[in-house]
Amino acid sequence: MKAARPALALTALLTSFAALSPAAATTYRVDDTGTVVNQPVTPMRWRQFVPGRAGDNTVEGNVTVSLRLNLAAWLNRQARIYMSLAPTDGEQMVATWRTQGRLLPGTVRGGGRTLVFEGVVRDQFLEENILLSLTADGRAVERPQSLQFFFEIEVSP
């Protein structure tokens, strides 16, 4: 009988810690079908006119995006919204953006995500214009790429 008691106590202790741990947030993809990219094809240009061994081989481009995120399903809930960029071919594409203030400015690399909003969702739609700056190592960019940005929301239960 004594051998069974320590196992029972350990199980009860683990169950107690599990009850105290915070509930995991649930992640959903945000409907952004109302988003409009003002220039669907963004020309990339060399940062320096004559890149060389010691020079800067960065290519860059800018595009304005009018975001419209449908957040109706999460009204009046505490949430975190992330901007994600699907993995890109070859060299990592880096996207940096400025906002008008409803979203946080930030940077994301292909395959990553960055927090753009944290707080209580107050409106059905979050609308924001962002200036998106794209950069990559021009030596590794061999062909046009299709960039796939998307948004995810984490809400607590």
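## Strand pairing

T27 stands opposite E154 in β10. β10 covers residues 149-155 and runs antiparallel to β1, with 4 bridges joining the two. Strands here are DSSP runs (E, at least two residues), numbered from the N terminus. Two strands pair if DSSP finds at least two bridges between them.

This is a predicted model: local features need pLDDT of at least 70, side-chain atom pairs count only at pLDDT 80 or more, and totals for chains, interfaces and linings use all residues. Residues are numbered from 1 along each chain as its sequence is written, and side-chain values use heavy atoms, with hydrogens and water left out.

## The sheet

The open sheet has 4 strands in the order β1-β10-β5-β8, paired antiparallel. β1 (26-29) and β8 (113-120) are the edge strands; each has a single partner, so one side of each lacks a neighbour in the sheet.

## Salt bridges

The structure holds 6 salt bridges (a side-chain nitrogen of Lys or Arg within 4 Å of a carboxyl oxygen of Asp or Glu). In one of them, E118 meets R80 at 2.9 Å, N to O. E118 lies in β8 and R80 in β5 (residues 78-85), so the pair ties together parts 38 residues apart in sequence.

R113, E152 and E154 form a linked network of salt bridges. The R113 to E154 contact is 2.7 Å, N to O. R113 sits in β8 and E154 in β10, so this pair ties together parts 41 residues apart in sequence. R113 to E152 has its closest N and O atoms 3.0 Å apart.

E154 is buried, at 17% relative accessible area. R113 is partly exposed at 35%. The classes are buried under 20%, exposed over 50% and partly exposed in between (1.4 Å probe, protein chains only).
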